[in-house]
Amino acid sequence: METILITGGTGYIGSHAAVCFLEAGYQIVLLDNLSNSHAAVLQRIATLTGQSPPFYRGNIADAPLLDEIFNHHKITGIAHFAGLKAVAESVQQPLRYYQNNVAGSATLCAAMQKHGCKKLIFSSSATVYGAPGAVAYTEDMPLAPVNPYGRTKRMVEDILRDLCAADSDWRVALLRYFNPVGAHPSGLIGEAPQAVPNNLMPYIAAVAVGTLPVLHIFGNDYPTADGTGVRDYIHVQDLVAGHLAAYAALDKHPGCTAYNLGTGKGASVLEVVAAFVKAAHREIPYQFQPRRPGDLAEYYAAVDFTREKLGWQAQFDLQKMVEDHWNWQKNNPKGYL
Ligand code: WQD
């Protein structure tokens with residue numbers, strides 16, 4: 001069976017992918033700089049899978065470290081999650097985002113080329129689409145990201161498209177996430193932001209568990225059913241199953257292909273709050289605030305292309321997403337601390 005290097009392997013998505021790929025029979029190696037994750041995840045992965053994959057603490061930009069990993073392990077492919085991902089932070093610190101996400105990924109690709117490893121699935125994002133106006137995003141839409149974070153994702157996609165155009169041996173899947181939420185049903189791994197959460201679900205979970213006092217809902221005057229923002233939330237377990245399907249399909253689909261990973265359904269902020277109240281059996285106090293700059297009213301994934309090409313579609317509904325997110329948070333009120 002193949003050995004896959006998972007960059008960002010102790011992070012939220014990376015750790016769920018680690019469990020998923022181990023359960024599917026792959027050997028894995030983990031690389032993470034622990035800048036937004038915790039080494040405690042490694043023990044949780046071992047508890048869930050009975051395996052303790054090799055772990056390297058470090059950066060994707062560290063070429064000598066990448067050489068060491070490739071020289072010690074027969075890496076046949078890469079699942080690339082490592083990256084900074086806070087939109088607002090990227091506006092304040094663009095150079096840090098370009099150096100980490102773009103230059104780091106280019107260094108990773110150079111190491112892959114040097115060691116003859118040309119299979120990669122990349123953690124991209126729906127933010128590469130920008131604000132196309134249409135609510136259902138299709139993979140053939142033009143890419144027009146509107147913030148530095150989204151531009152780093154589009155730039156890494158461009159690097160990978162150019163690599164595949166230059167060398168037909170490369171096989172790449174660009175996985176464009178919508179809004180990942182939820183946690184492994186065991187409640188042993190989940191989303192554990194190190195700072196105050198930017199994203200809706202971990203913020204609601206922190207209010208529900210009592211570490212934050214009130215949810216601020218950014219805008220209730222959008223042209224949506226209840227006036228609050230609508231997004232395509234996808235269970236992290238569905239998301240990583242999509243990665244497994246995309247990796248397995250690489251040998252069938254040479255070149256560089258983009259896939260939306262979403263449910264195709266939108267949910268409003270107030271619908272998410274209501275689902276959380278139902279799952280946690282407690283109120284979630286909230287206050288309406290002005291719209292957050294850069295937010296769009298509504299968007300979600302068109303899912304036909306991914307379903308047809310990968311034979312994958314999301315299985316879990318919003319209530320299951322919220323129940324699993326709450327199960328993780330109530331059992332780990334301080335995350336991995
Ligand atoms: C969702 C909705 C907010 C927080 C971002 C990134 C995207 C991806 C997912 C990386 C919106 C509202 C939020 C809060 C709120 N990350 N909200 N109060 O902005 O859709 O996407 O995270 O790939 O790249 O752009 O996610 O969870 O921040 O917001 O009312 O405290 O919840 O206005 O309508 P977003 P989000």
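A polar contact is a pair of N or O atoms within 3.5 Å. This cut-off applies to the first view of the predicted model.

**View 1. Polar side chains at the ligand.** A polar side-chain atom of N179 lies 3.0 Å from an oxygen atom of the ligand. For R231, a polar side-chain atom is placed 2.6 Å from a ligand oxygen atom. The side chain of R292 has an N or O atom 2.9 Å from an oxygen atom of the ligand. On its own the ligand has 680 Å² of accessible area, of which the protein covers 92%.

**View 2. The shell around the ligand.** Around the ligand there are 19 residues, and Y149, L200, H216, R231 and D295 come nearest. Strand β9 (residues 215-218) gives the most to this shell, contributing four residues. By class, the shell residues comprise nine nonpolar, seven polar and three charged.

**View 3. Helix α6 along its length.** Helix α6 consists of 19 residues, 148-166.

**View 4. The buried residues of helix α6 and their surroundings.** Buried residues in α6 are P148, Y149, G150, T152, K153, V156, E157, L160, L163 and C164. The elements against which the buried residues of α6 pack include the helices α4 (87-92) and α5 (94-114). Strands β5 (119-125), β7 (171-177) and β12 (255-261) are also among their packing partners. Y149 is buried in α6, and Y149 is also one of the residues that come nearest to the ligand.

Technical notes: Residues are numbered from 1 along each chain as its sequence is written. This is a predicted model: local features need pLDDT of at least 70, side-chain atom pairs count only at pLDDT 80 or more; totals for chains, interfaces and linings use all residues. Side-chain values use heavy atoms; hydrogens and water are left out. Helices (H or I, at least four residues) and strands (E, at least two) are DSSP runs, numbered from the N terminus. The expected span of a helix is 1.5 Å times one less than its number of residues. Buried means under 20% relative accessible area, exposed over 50%, partly exposed in between (1.4 Å probe, protein chains only). Contact means heavy atoms within 4.5 Å. A residue is near a molecule or strand if one of its heavy atoms lies within 4 Å of it. A polar contact is a pair of N or O atoms within 3.5 Å; within protein, one must be able to donate a hydrogen and the other to accept it, and residues adjacent in sequence count only if both atoms are side-chain atoms. Accessible areas come from the Shrake-Rupley method with a 1.4 Å probe; for residues, only the protein chains shown count as cover. Ala, Val, Leu, Ile, Met, Phe, Trp, Tyr, Cys and Pro count as nonpolar, Asp, Glu, Lys and Arg as charged, and the others, Gly among them, as polar.
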